[in-house]
Amino acid sequence: MAAVNSSSQDSTYDFAVVGGGIVGLATALSLGERAPDARILVLEKENAWAAHQTGHNSGVIHSGIYYKPGSLKARFAREGSRSMVEFCQEHGIDHEVCGKVIVATEPHELPLLENLYERGMANGLHVARITPEELREIEPHVRGLAALRVFSTGIVDYTQVARTYARLVEQRGGDLRLGTRVTGFVDDARGLVVETSRGAFHARYAINCAGLHSDRVARLAGAATGARIVPFRGEYYELRAERRSLVRHLVYPVPDPNFPFLGVHFTRMIGGGVHAGPNAVLGTKREGYRKTDFDARDFAEVMTFPGFWKLARRHWREGGREVARSLSKAAFVRSLQRLVPELQADDVVPAHAGVRAQALLGDGRLVDDFLIVPGRRSIHVCNAPSPAATASLEIGRAVVDWVARQDDAPLSRNLQSA
Ligand SMILES: Cc1cc2nc3c(=O)[nH]c(=O)nc-3n(C[C@H](O)[C@H](O)[C@H](O)COP(=O)(O)OP(=O)(O)OC[C@H]3O[C@@H](n4cnc5c(N)ncnc54)[C@H](O)[C@@H]3O)c2cc1C
């Protein structure tokens with residue numbers, strides 16, 4: 001055991017990665033590839049990898065059509081959709097590049113659909129405009145005024161991907177600890193003492209990939225990120241087995257450009273089944289997957305954050321609609337019927353939910369892109385929203401690039417990209 005309690009040997013890790021979701025594990029993988037001699041520790045509070053966002057998502061390999069050209073999201077998704085498929089091929093992970101359609105069902109969505117087409121082209125993607133008749137050939141039960149076909153979108157199980165990252169990190173000498181919650185950081189002569197629920201560990205540098213708790217872990221390390229994590233729960237329904245034929249691929253609406261979420265959509269899952277969702281309601285617990293889950297501290301931290309009230313004042317109408325859709329199956333099904341008119345309430349049953357970690361700024365703006373903030377002897381991934389699972393290998397590499405640029409980072413010369 002390389003914890004500080006054993007003072008007889010040099011038990012100092014070069015890097016302690018906090019969080020065993022797909023971003024933390026991809027970062028550990030990238031650290032090991034760039035600096036094979038680095039001593040890497042991964043600390044995850046749950047007893048399994050991918051227990052939160054990574055294990056509760058839609059399982060889509062995103063193409064990058066939605067994101068502003070030049071943004072990290074656009075670049076990472078485009079490169080990530082390729083590298084994720086290559087990684088799955090190399091490691092025998094089930095996946096499928098099935099493509100998707102984005103469907104305009106209202107006249108006011110037509111210019112937004114055209115904007116998406118232009119974004120897709122600007123982002124270098126293989127996208128085609130399709131007519132309602134062509135849409136019917138691809139998806140016989142879907143109706144719309146116009147649609148786009150995006151060819152590079154795929155599906156995968158990100159829990160399997162994350163477990164494979166963990167296995168590779170371990171095979172290359174990394175030390176992986178489940179059931180180990182980070183509770184604090186203290187500076188000492190060798191770097192940091194990382195305090196955990198299972199004792200203390202010495203590390204020269206910490207990398208915070210704690211997802212829904214990333215702002216808290218940053219505060220523990222004394223880093224000022226300026227952002228607060230607000231949990232947005234996303235609920236799914238599932239098509240009954242006998243009605244799965246209503247959807248052949250992935251079917252998305254045109255998203256509201258004022259929000260970072262994509263609107264409820266149909267997703268064929270890699271393990272079989274078709275999921276419909278997710279909506280986006282304010283969560284009353286950061287890792288709460290049931291409607292009744294509540295955590296007083298989590299809730300109070302949102303309610304006392306001035307940025308939340310600024311956001312709420314601007315978007316109370318949309319927020320109200322999301323709550324209605326959460327409380328009423330009929331309202332949820334009405335949203336889905338815009339895409340598949342023949343769908344009936346009896347065709348769907350409730351499925352899992354996920355909670356998104358969305359960083360919010362004090363002025364009420366939702367952070368749209370990835371946010372990485374350096375601290376003392378540490379770096380903090382404070383916003384890693386969708387498509388972070390798709391782009392996890394790219395994000396892992398980018399985090400390591402950031403670390404390599406910090407004056408106080410160990411092995412920074414080894415970490416610099418070739
Ligand atoms: C509903 C939903 C749908 C999505 N759909 C998609 C999609 O289709 N495609 C896509 O690319 N992306 C999608 N995403 C986004 C994607 O899932 C996330 O961006 C990604 O999983 C983030 O990974 P992460 O490692 O940062 O976070 P997480 O997976 O949440 O991992 C963070 C880990 O840190 C651990 N942790 C927290 N605090 C501590 C502590 N103090 N000590 C030790 N460990 C700690 C947690 O237990 C957790 O395991 C979706 C997300 C959601 C919620």
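The legends below describe close-up views of the ligand site and of several aromatic side chains in a predicted model. In this model, local features need pLDDT of at least 70 and side-chain atom pairs count only at pLDDT 80 or more, while totals for chains, interfaces and linings use all residues. Residues are numbered from 1 along each chain as its sequence is written, and side-chain values use heavy atoms, with hydrogens and water left out.

**View 1. The shell of residues around the ligand.** The ligand is surrounded by 38 residues, of which the closest are Glu44, Thr54, Val60, Ala384 and Thr390; a residue is near the ligand if one of its heavy atoms lies within 4 Å of it. Sorted by class, this shell holds 17 nonpolar, 16 polar and five charged residues, where Ala, Val, Leu, Ile, Met, Phe, Trp, Tyr, Cys and Pro count as nonpolar, Asp, Glu, Lys and Arg as charged, and the others, Gly among them, as polar. At least two residues of the shell come from each of helix 1 (22–34) and strand 18 (348–361), helices (H or I, at least four residues) and strands (E, at least two) being DSSP runs numbered from the N terminus.

View 2. A polar contact is a pair of N or O atoms within 3.5 Å, and the side chain of Thr54 places an N or O atom 2.5 Å from an oxygen atom of the ligand. For the side chain of Thr390 the distance to a ligand oxygen atom is 2.7 Å, and for a polar side-chain atom of Asn57 it is 2.9 Å. On its own the ligand has 1,000 Å² of accessible area, and the protein covers 97% of this, by the Shrake-Rupley method with a 1.4 Å probe.

View 3. The whole structure contains ten aromatic pairs, meaning rings of Phe, Tyr and Trp (its six-membered ring) with centres within 6.5 Å, stacked if the planes are under 30 degrees apart, edge-to-face if over 60 and tilted otherwise. The ring centres of Phe15 and Tyr205 are 6.2 Å apart and their planes lie at 75 degrees, so this pair is edge-to-face. Phe15 belongs to strand 1 (residues 13–18) and Tyr205 to strand 12 (residues 199–208), 190 residues apart.

**View 4. Charges over aromatic rings.** Ring pairs join Tyr66, Tyr67 and Tyr252 into a cluster, and Lys100 lies over the face of Tyr252, at 3.6 Å from the ring centre. Arg405 lies over the face of Trp402, at 5.4 Å from the ring centre; a charge sits over a ring if NZ of Lys or CZ of Arg is within 6 Å of the ring centre and within 35 degrees of the ring normal.

Definitions and conventions
A polar contact is a pair of N or O atoms within 3.5 Å; within protein, one must be able to donate a hydrogen and the other to accept it, and residues adjacent in sequence count only if both atoms are side-chain atoms.
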